[in-house]
Amino acid sequence: MSEIIFLGTAGARYVVAKQLRASAGTLIKIEDSYLLLDPGPGTLVYLAKRKIPLQKINTILVSHQHLDHSADLNIMVDAITEGGFKKRGTVFLTESSLKEHILLPYLQPFLYRLEILKPYTFFENPPFKFKTSCELKHTAENYGFLFYLPEGKILGFLTDTAYFEELSEEFKDAQILVINTVRYTPKEGVLHMSIPDIKKLLTKIKPETVILTHFGMTMLKANPFKVAKDLSKELNLNIIAAYDGMKLNIEKEPK
Ligand SMILES: [Zn+2]
Ligand SMILES: [Zn+2]
């Protein structure tokens with residue numbers, strides 16, 4: 001059975017800086033392998049706390065270069081390759097992240113593979129298979145993802161972005177949809193999703209399960225659990241607010 005593990009659920013700068021929520025990334029476990037998405041600050045610490053065997057992380061995926069998504073990338077590469085002693089792991093990142101040197105050049109040859117993310121592209125690193133979305137509307141080159149799980153389900157990951165019309169088309173196939181929900185209310189010029197944006201999106205698409213994560217201060221103040229509960233009632237959908245360490249088991253699609 002596949003599993004999603006939210007090591008951290010912090011979003012915006014203040015929540016990350018104060019560690020009001022952990023800013024470690026998210027793990028997807030298929031069979032006996034892990035994919036690590038967006039290793040923000042503290043990822044290495046939380047992997048140790050949760051006793052995740054580092055040699056089982058065969059894929060690291062970085063949606064964009066912002067520090068809350070990439071700060072622990074270098075130490076993760078060093079850790080999983082045992083300082084280059086073992087050629088291991090595949091890292092997927094954007095071209096602009098690579099240009100900003102979020103991955104130190106001396107570590108790159110330690111990796112088994114380094115891949116550049118492009119829009120609407122299918123990538124595979126067994127047992128993981130995923131497709132990128134269009135480029136999202138954020139302050140850095142950034143993509144969302146659709147992961148194809150062995151249970152026959154599609155897990156959508158809507159990373160940092162402002163709302164735009166086409167999001168519904170991009171994520172319509174996801175049965176499980178994770179949404180980075182930085183803002184409770186929208187704020188002019190801030191390229192992040194807020195609750196009214198999520199309502200707009202979820203009137204057009206109806207995933208079986210929606211998980212809100214990556215919370216900024218306005219979301220924490222509003223109480224993500226209450227927000228998710230009210231939203232579930234209003235939209236008649238199963239909407240969950242993630243918490244640090246939350247695990248979600250993926251059930252098989254009924255035949
Ligand atoms: Zn972020
Ligand atoms: Zn960002």
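Which residues have the most contacts inside the largest nonpolar core? Keep that question in mind as you open this predicted model, and begin by selecting L158, L167, I179, L201, L212 and I239, which are the residues with the most contacts inside that core of 33 residues. Next, colour the elements that each supply at least two residues of this core, among them the strands β10 (154–158), β11 (176–180) and β12 (209–213) and the helices α7 (195–204) and α9 (224–235). If you then centre the view on I179, you will find that, leaving aside residues up to four places away in sequence, I179 touches L158, M193, I198, L201, V210, I211, L212 and T213. In soluble globular proteins, nonpolar side chains tend to be buried together. A second, separate core, with 25 residues, can be found by selecting F92, F130, Y143 and F145, which are included in it.

Now move to strand β1 (residues 3–6), and show the side chains of E3 and I5, which point one way, and of I4 and F6, which point the other way, although all are buried. In a regular strand the side chains alternate between the two faces of the sheet.

The next stop is helix α4 (residues 73–80), whose buried residues are L73, N74, M76, V77 and I80. These residues lie on the same side of α4 because they cover an arc of only 165° around the axis. Among the elements that cover them are β3 (33–37), α2 (43–49) and β5 (88–94). Just after α4, select E82, which takes a positive phi of about 50°.

Finally, select the zinc ion (ligand 2), which is coordinated by H64 (NE2), H66 (ND1), H138 (NE2) and D160 (OD), at 2.1 to 2.4 Å. The arrangement is irregular, because the four donor atoms subtend angles of 91 to 169°. H66 lies in the loop between β4 and α3, and H138 in the loop between β8 (128–135) and β9 (143–148), so the pair ties together parts that are 72 residues apart in sequence. H66 is partly exposed, with a relative accessible area of 23%, whereas H138 counts as buried at 12% relative accessibility. Select D160 last, which bridges this ion and the zinc ion (ligand 1), the two ions lying 3.6 Å apart.

Key: Residues are numbered from 1 along each chain as its sequence is written. Chains are lettered from A and ligands numbered from 1 in the order in which they are written. This is a predicted model: local features need pLDDT of at least 70, side-chain atom pairs count only at pLDDT 80 or more; totals for chains, interfaces and linings use all residues. Side-chain values use heavy atoms; hydrogens and water are left out. Buried means under 20% relative accessible area, exposed over 50%, partly exposed in between (1.4 Å probe, protein chains only). Helices (H or I, at least four residues) and strands (E, at least two) are DSSP runs, numbered from the N terminus. The arc is that of the directions from the helix axis to the C-beta atoms. Contact means heavy atoms within 4.5 Å. A nonpolar core is a set of buried Ala, Val, Leu, Ile, Met, Phe, Trp, Tyr and Cys residues joined through side-chain atoms within 4.5 Å. Donors are N, O and S atoms within 2.8 Å of the metal (3.2 Å for Na, K and Ca); water is not among the atoms, so sites may look incomplete. Four donors count as tetrahedral if all angles lie between 85 and 135 degrees; four count as square planar and six as octahedral if opposite donors are over 155 degrees apart and all others between 65 and 115; anything else is irregular.
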